Amino acid sequence: MVCRIMTFAFEGIEAKPVDVQVQITSGNPYFTIVGLPDKAVGESRERVRAAFAAIGLALPPKHITVNLAPADLPKEGSHYDLPIALGLLAAMGVVAPDALDGHAAIGELSLDGSLGSTLGVLPAAMAAQALDLRLICPDICGPEAAWAGEGTLAAPSLIAMINHFAGRASLTPPVAGELAAPSAMADLRDVKGQDGAKRVLEIAAAGGHNLLFCGPPGSGKSMLAQRLPGLLPPLSATELLEASQIQSVAGLLERGQLSRQRPFRAPHHSASMAALVGGGIKARPGEVSLAHHGVLFLDELPEFPAQVLDSLRQPLEDGAVVISRANRHVRYPARFQLVAAMNPCRCGGGPGDSACRRGPNCARTYQARISGPFFDRIDLFFDTPPVTAMDLSLPAPAEGTAEAAERVSAARAMQAARYDEAALNGRRRINADAPARDIAEIAAPDDKASALLADAAAKLALSARAYHRVLKVARTIADLDGVDSVRRVHVAEALSYRRRAPDDQPVGQSARQNLAH
């Protein structure tokens with residue numbers, strides 16, 4: 001007789017059903033697991049044997065075969081312990097075989113028979129709900145699984161599961177964990193001076209645009225970037241579940257608490273490609289996926305290896321990372337907003353002792369570490385000037401994060417009303433994600449703005465991607481102004497944020513005004 005129970009294998013954040021089949025037959029005592037298991041799954045034999053001994057059960061001296069179907073799907077992780085143990089209990093007659101019907105299980109067994117925490121409980125619970133199955137998981141993961149809906153069973157130990165199926169006790173359905181309290185956000189009032197940088201930060205937040213700050217050390221680039229999450233609206237319900245599934249697979253959800261704050265990830269420039277985009281032996285999510293629906297901040301941008309930066313080009317366009325292996329492809333969502341900071345050159349490029357003594361060639365060499373196609377995917381470039389002692393002596397600005405966030409929220413409300421979410425194939429309803437085929441209509445400039453854009457496209461040799469990105473930024477600037485039409489002043493400001501050659505002078509406010517008029 002074959003006893004069965006369902007469990008799940010993970011490909012990215014997708015939980016694929018696995019049929020755990022247990023059979024006990026006559027023959028030499030042997031316990032084998034088949035179905036393409038990895039080492040952790042193979043070690044389930046010993047954990048299950050020890051857990052049974054701890055609760056007073058012994059495996060029968062017969063041939064035990066566990067098949068994980070489909071056999072061509074790789075099985076990784078220790079969460080197969082619980083379904084294997086439950087299938088064995090049914091095959092041994094400890095629990096009725098039909099008691100496992102309509103159930104799926106996920107969990108790691110300890111040697112004393114207790115159930116330990118495991119990764120991926122949230123996507124497994126959501127997959128179980130979709131299949132109309134009742135998920136059994138460790139009680140420590142119950143608050144996380146309960147976010148998927150009703151029908152979850154959470155048990156502290158294997159003996160509690162036996163008592164439940166035997167009718168001697170009943171497990172209480174878990175309660176979903178509370179939303180994590182918002183953490184304190186850094187305020188723009190802490191930034192003195194840098195009014196232009198605050199303006200471009202607000203534009204980036206309103207439209208979801210990628211942003212690069214370039215300036216000497218101590219000019220506040222990192223300080224500004226760290227205040228971007230405070231300008232962004234909280235995660236929607238759909239975004240919350242998507243981001244939380246990635247955190248669940250990565251083991252970052254604590255006590256089942258989900259947070260509506262947008263992720264902010266700031267990897268060090270020594271991060272490897274696998275750490276940044278995902279990979280490794282088990283294809284874990286990288287920083288770009290952990291920043292899904294949030295912000296990825298890359299400080300000291302040219303210090304990142306060129307190959308690592310170029311690996312970001314595809315997720316910046318597609319909003320996903322595909323990790324290819326010989327026997328499978330793993331896809332992780334990675335729709336993030338990139339914010340980067342860099343010095344103009346290796347010397348620093350600031351005033352005084354940090355001034356560059358090698359001339360424009362130093363900046364060219366330093367910035368040449370970043371490829372042109374990577375630069376082409378950045379919407380906003382801003383040169384942050386040095387902060388003077390006079391700036392630091394000024395009182396705190398009257399406007400802070402709260403006031404700027406209100407304007408960002410109003411601009412995003414205009415964008416949400418403009419875009420059809422179905423037409424965007426699940427993308428966020430913001431200007432940065434607008435399809436190229438629609439942006440010419442959505443951000444159609446008036447005659448004067450169109451003439452300025454055509455002239456600038458010819459003089460600056462804008463690529464098709466850069467041309468569309470200028471239109472998207474201009475559309476966002478118009479949204480911040482609360483107007484429907486994209487005018488010359490909006491296009492002029494958007495053009496002023498395009499990248500310039502290292503030896504060019506920064507575009508100041510007066511230059512922007514000249515462009516507008």
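Strand β8 (residues 134-138) and strand β9 (residues 153-155) pair in the parallel sense over three bridges, where pairing requires that DSSP finds at least two bridges between the strands. The model is predicted, so local features need pLDDT of at least 70 and side-chain atom pairs count only at pLDDT 80 or more, whereas totals for chains, interfaces and linings use all residues. Residues are numbered from 1 along each chain as its sequence is written, and side-chain values use heavy atoms, with hydrogens and water left out.

**Strands around β8**
- Because four of its five residues are buried, β8 is largely enclosed by the rest of the structure; buried means under 20% relative accessible area with a 1.4 Å probe, protein chains only.

**Helices α21 and α22**
- The axes of helix α21 (residues 464-481) and helix α22 (residues 488-496) come within 8 Å and cross at roughly 125 degrees, the axes being lines fitted to C-alpha atoms over the stretch in contact, with angles from 0 to 180 degrees between N-to-C directions.
- The contact (heavy atoms within 4.5 Å) is made by V470, V473, A474, I477, A478 and D481 of α21 together with H490, V491, E493, A494 and L495 of α22.

Key
Helices (H or I, at least four residues) and strands (E, at least two) are DSSP runs, numbered from the N terminus. Buried means under 20% relative accessible area, exposed over 50%, partly exposed in between (1.4 Å probe, protein chains only).
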